[in-house]
Amino acid sequence: MNHWFKLNSAVASRLQPANLKQMLESSKDSAKLDAMKRIVGMIAKGKNASELFPAVVKNVASKNIEIKKLVYVYLMRYAEEQQDLALLSISTFQRALKDPNQLIRASALRVLSSIRVPIIVPIMMLAIKEASSDLSPYVRKNAAHAIQKLYSLDPEQKEMLIEVIEKLLKDRSTLVAGSVVMAFEEVCPDRIDLIHKNYRKLCNLLVDVEEWGQVVIIHMLTRYARTQFVSPWKTDDDVVEEYNENNFYESDGEQKEKDRNVKKTYTMDPDHRLLLRNTKPLLQSRNAAVVMAVAQLYWHLAPKSEAGIVSKSLVRLLRSNREVQYIVLQNIATMSIQRKGMFEPYLKSFYVRSTDPTMIKTLKLEILTNLANEANISTLLREFQTYVKSQDKQFAAATIQAIGRCATNITEVTDTCLNGLVCLLSNRDETVVAESVVVIKKLLQTQPAHHGEIIKHMAKLLDNITVPVARASILWLIGEYCERVPKIAPDVLRKTAKSFTNEDDLVKLQILNLGAKLYLTNSKQTKLLTQYVLNLGKYDQSYDIRDRTRFIRQLIVPNEKSGALSKYAKKIFLAQKPAPLLESPFKDRDHFQLGTLSHTLNSRATGYLELSDWPDVAPDPAVRNVEVAESVCWHH
Amino acid sequence: MIHSLFLINASGDIFLEKHWKSAVSRSVCDYFFEAQERASEAENVPPVIPTPHHCLLSVYRHKIFFVAVIQSEVPPLFVIEFLHRVVDTFQDYFGVCSEVMIKDNVVVVYEVLEEMLDNGFPLATESNILKELIKPPTILRTVVNTITGSTNVGDQLPTGQLSVVPWRRTGVKYTNNEAYFDVIEEIDAIIDKSGSTITAEIQGVIDACVKLTGMPDLTLSFMNPRLLDDVSFHPCVRFKRWESERILSFIPPDGNFRLLSYHVSAQNLVAIPVYVKHNISFRDSSSLGRFEITVGPKQTMGKTIEGVMVTSQMPKGVLNMSLTPSQGTHIFDPVTKLLSWDVGKINPQKLPSLKGSMNLQAGTSKPDENPTINLQFKIQQLAISGLKVNRLDMYGEKYKPFKGIKYMTKAGKFQVRT
């Protein structure tokens with residue numbers, strides 16, 4: 001026991017700043033290393049270790065590479081807070097920038113550019129410039145990273161940095177390509193003129209670039225292509241584009257002859273084709289981000305007849321982790337609204353498993369609903385029946401919504417769906433019943449003609465159901481179609497007048513609404529009842545309800561003061577109302593570029609770069625021409 | 001891109017933080033905790049959480065949330081895929097990825113993270129390269145380091161970083177040269193009440209363990225490559241060769257890696273190797289329910305089914321179950337309502353069964369849905385799709401390596417609705 005205590009206190013005392021300082025000043029590397037490890041441990045835990053700065057910075061020139069590395073870690077974390085002291089380390093880095101070992105040069109540049117001390121901006125600028133012509137591509141890669149760091153430290157340097165970017169864009173190393181395009185996207189994404197001459201090289205290097213760089217380059221090239229090529233879609237609707245590799249290399253003579261036959265033939269720019277051809281193999285990447293990047297490129301750039309090739313790969317990603325599934329399903333949801341055909345063959349891949357997390361289930365359901373058509377609806381409805389019974393009630397409710405959407409979109413099954421939903425009204429679970437009521441209400445609105453029976457059924461439900469939305473929906477239905485259920489409606493008003501004070505605000509509003517409608521159509525039976533309800537409403541605690549009461553009374557009860565509107569009260573309350581549209585929440589989400597954070601959030605994230613519309617006339621393709629001698633040399 | 005990373009354990013403690021740009025206060029995680037509270041289970045925490053100034057992207061693995069802080073537009077999959085790569089790397093370095101392991105090796109973790117990202121952009125993510133930059137801790141090395149004062153940090157740039165094969169380290173030497181390939185297929189299926197298949201597909205992977213000296217160049221060919229409908233490769237595979245000849249040609253990374261993932265085309269009917277006979281009934285007004293399941297072999301190509309495990313999430317109304325298995329052991333957790341039955345091997349002469357009764361909460365009505373049964377199983381020496389490796393050849397080196405290929409079929413997401 002005693003031993004333990006001693007040991008523990010010994011460890012604790014070594015963590016004291018004073019002791020750590022002593023260890024850092026010791027002459028032995030092992031003590032220093034030990035101290036640095038402890039300090040890094042503190043940083044990792046989020047503890048403040050800034051007071052050790054003077055003692056740590058002295059070790060920046062240590063011969064021991066691990067100590068040095070850990071000092072770098074420390075500097076990157078605290079230099080910003082201790083700018084003056086941080087300057088002490090600069091000369092060490094400047095020396096290291098000239099080291100014969102490329103790893104040391106690169107890491108010196110990394111730290112120098114990471115310490116975020118404004119005073120050293122000129123030194124950083126110089127270091128970046130020099131590193132950008134270093135013989136080692138690894139150092140040049142680090143230079144590309146440093147560009148962004150300097151830019152965020154001092155945006156004034158933009159022009160100079162663009163010069164470096166321009167230079168590095170010409171670099172032929174696959175190691176540099178991804179990093180410099182990243183810098184381009186952060187610093188000067190609008191300078192597409194810098195891309196022209198490098199476009200073909202980037203397309204050709206793409207397969208050999210590391211995976212992270214591939215994602216960045218593909219996104220950039222998608223934006224580029226939308227400014228430089230004409231739309232391949234215009235012809236899609238009437239003429240099926242007949243594409244084959246040879247088409248583009250046909251002689252001019254043949255082309256002219258064709259032009260005479262077809263009014264206006266669309267010919268894809270060979271550079272546009274190059275991009276599509278060179279990105280396609282990347283659909284086979286093991287990296288989900290790369291596959292998604294290619295998929296969005298095909299979505300935004302390929303002729304519609306070709307975009308289908310990405311479906312299979314996207315469906316493959318659904319086998320991945322739940323987070324990957326989540327993002328991929330969101331993107332498929334957006335795609336499947338506009339181009340059902342792309343995913344119809346994979347319908348069953350979106351079937352829900354009881355072990356899926358709820359968010360995955362609802363997204364799959366969304367896609368299944370988007371894919372529903374006359375041919376597959378009966379299979380789908382059978383599948384939905386299983387989902388409605390799910391123990392996950394939130395998901396069951398979502399399924400009911402989905403059935404409602406299928407019912408409005410596919411008229412053949414409207415009745416079947418409606419009957420199914422009515423059956424659910426006798427379900428034991430209140431969430432299920434409530435959701436069914438809400439959906440039935442929306443469906444009845446689209447075709448109220450022959451559904452008196454269902455309305456009666458729902459009126460009976462009112463005695464038991466407690467969910468406010470559902471109660472409100474039933475009351476609205478009865479009020480709206482009170483002339484179809486002339487015997488029941490007044491009785492419902494009677495019952496709810498009794499429970500008025502205990503109802504939710506949402507329900508109260510609908511009771512008032514029901515009263516007003518009955519007053520206008522059947523004042524003989526309901527005049528007194530309505531006035532009673534209006535009196536209750538007048539003294540309600542919620543001013544929303546008091547407001548509504550005052551408004552309704554003025555409108556329906558004629559008196560001298562009531563204005564010209566009273567005459568039209570019936571027309572106002574019982575006007576034909578447009579049926580609600582049951583739409584996917586993913587509709588129109590594709591105004592955001594697919595695969596982006598903004599698409600996932602459905603709102604513009606900072607730094608989102610808009611995808612431009614296709615130009616009507618393509619800008620001069622010759623800007624991408626590179627001198628022949630040069631292009632030959634990088635082919636070999 | 002990635003601003004900061006926070007590691008959060010199951011009880012909601014932030015046990016590691018790392019910043020690649022200016023430090024972001026850990027109070028940003030409050031938004032994450034809020035979302036965590038709203039989600040009933042860890043699985044339901046949304047992977048993307050917007051906050052007023054940042055966006056939190058997270059992955060959940062090994063009971064740890066890896067939360068990345070993002071400040072501006074970035075493809076979300078980019079971050080998510082990267083976070084998964086971080087977890088894979090930790091697993092590769094320490095054998096397991098757990099809170100204790102990460103805390104014990106915090107310095108190595110920090111050094112690795114430092115190399116993986118620069119200014120929030122991935123720098124080195126190939127494990128072969130990372131291991132040259134920062135050596136993984138081993139007991140022997142720890143001892144040697146404390147005595148000699150040498151370090152875990154390499155001082156030369158890994159040559160792979162610069163070469164055309166960035167995934168392979170150089171100077172690899174083995175006394176025994178071996179290359180093992182495991183063809184592992186998983187069956188994903190949903191079987192309906194009556195035993196007919198609603199959907200079934202086969203997904204496969206080829207995992208390799210290659211320990212070969214020098215720079216070997218391998219080719220692997222199949223007897224029936226047409227079976228492979230959709231494939232994704234490790235970056236080492238030469239895509240053109242596959243396109244033209246359906247041959248996998250590659251210079252492998254050193255050690256363990258996934259060479260290929262594939263999907264077997266949907267046109268081929270999937271053989272379902274097991275069936276489940278079930279009789280689960282609840283009655284209204286009775287507090288007893290009946291439960292009976294039997295598992296049996298179906299299309300197994302004469303192989304034994306082993307490692308069978310049956311799990312099922314029972315409805316909330318089930319208080320307890322008294323069951324007798326004909327073999328294996330079973331557990332019912334009355335809190336989570338999870339029933340699991342470790343069956344073991346299936347003997348076709350004597351089919352395993354689990355029978356008994358369920359105690360239901362008195363007064364509640366019977367559940368709408370019978371529970372779904374999840375099945376796990378393994379079949380050795382069989383690739384259910386029929387995929388067969390034809391040959392494996394090595395070029396570029398003189399020695400004769402030992403080669404081995406193993407097949408296995410497993411249940412993936414295999415569900416039986418009852």
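This is a predicted model: local features need pLDDT of at least 70, side-chain atom pairs count only at pLDDT 80 or more; totals for chains, interfaces and linings use all residues.
One of the residue pairs can be named: Ala179(B) has Lys403(B) in S23(B) as its bridge partner.

These two strands belong to an open sheet of nine strands in chain B, whose order is S11-S13-S9-S8-S23-S21-S16-S19-S18 and whose pairing is mixed. At the edges stand strand S11 (228–233) and strand S18 (329–333) of chain B, each of which pairs on one side only. Going across this sheet, neighbouring strands are turned against each other by 15 degrees on average, with direction ignored.

## A four-stranded antiparallel sheet

Chain B also has an open sheet of four strands, arranged in the order S14-S15-S20-S17, and here the pairing is antiparallel. Why is one side of strand S14 (274–281) and of strand S17 (318–325) of chain B left without a neighbour in the sheet? Both strands stand at the edges and each has a single partner strand, so one side of each has no neighbour there. The twist from one strand to the next averages 15 degrees.

For S17(B), the pairing with strand S20 (residues 353–360) of chain B is antiparallel and extends over seven bridges. Within S20(B), Asn359(B) is the residue that stands opposite Asn320(B).

The size of an interface is often given as the accessible area that is lost when the parts come together. Between chain A and chain B, the buried area is about 7900 Å², and carbon and sulfur atoms give 55% of it. On the side of chain A, Trp212(A), Arg319(A) and Arg353(A) supply 11% of the area that this chain buries against chain B, which is more than any other three residues supply. Counted by residues, 89 of chain A are in contact with 92 of chain B.

## A nonpolar patch on chain A

On the surface, Leu565(A), Tyr568(A) and Ile572(A) form a nonpolar patch, and together these residues have about 300 Å² of accessible area. Where in chain A does Leu565(A) lie? Leu565(A) is found in the loop that lies between helix H29 (543–556) and helix H30 (569–573) of chain A.

Note on methods:
Residues are numbered from 1 along each chain as its sequence is written. Chains are lettered from A and ligands numbered from 1 in the order in which they are written. Side-chain values use heavy atoms; hydrogens and water are left out. Patches are made of residues with over 30% relative accessible area and no salt bridge: like charges are joined within 9 Å, nonpolar side chains (Val, Leu, Ile, Met, Phe, Trp, Tyr) within 5 Å. Accessible areas come from the Shrake-Rupley method with a 1.4 Å probe; for residues, only the protein chains shown count as cover. A salt bridge is a side-chain nitrogen of Lys or Arg within 4 Å of a carboxyl oxygen of Asp or Glu. Two strands pair if DSSP finds at least two bridges between them. Axes are lines fitted to C-alpha atoms, for helices over the stretch in contact, and angles run from 0 to 180 degrees between N-to-C directions. Contact means heavy atoms within 4.5 Å. Buried area is the accessible area (1.4 Å probe) that two parts lose on being put together, summed over both.
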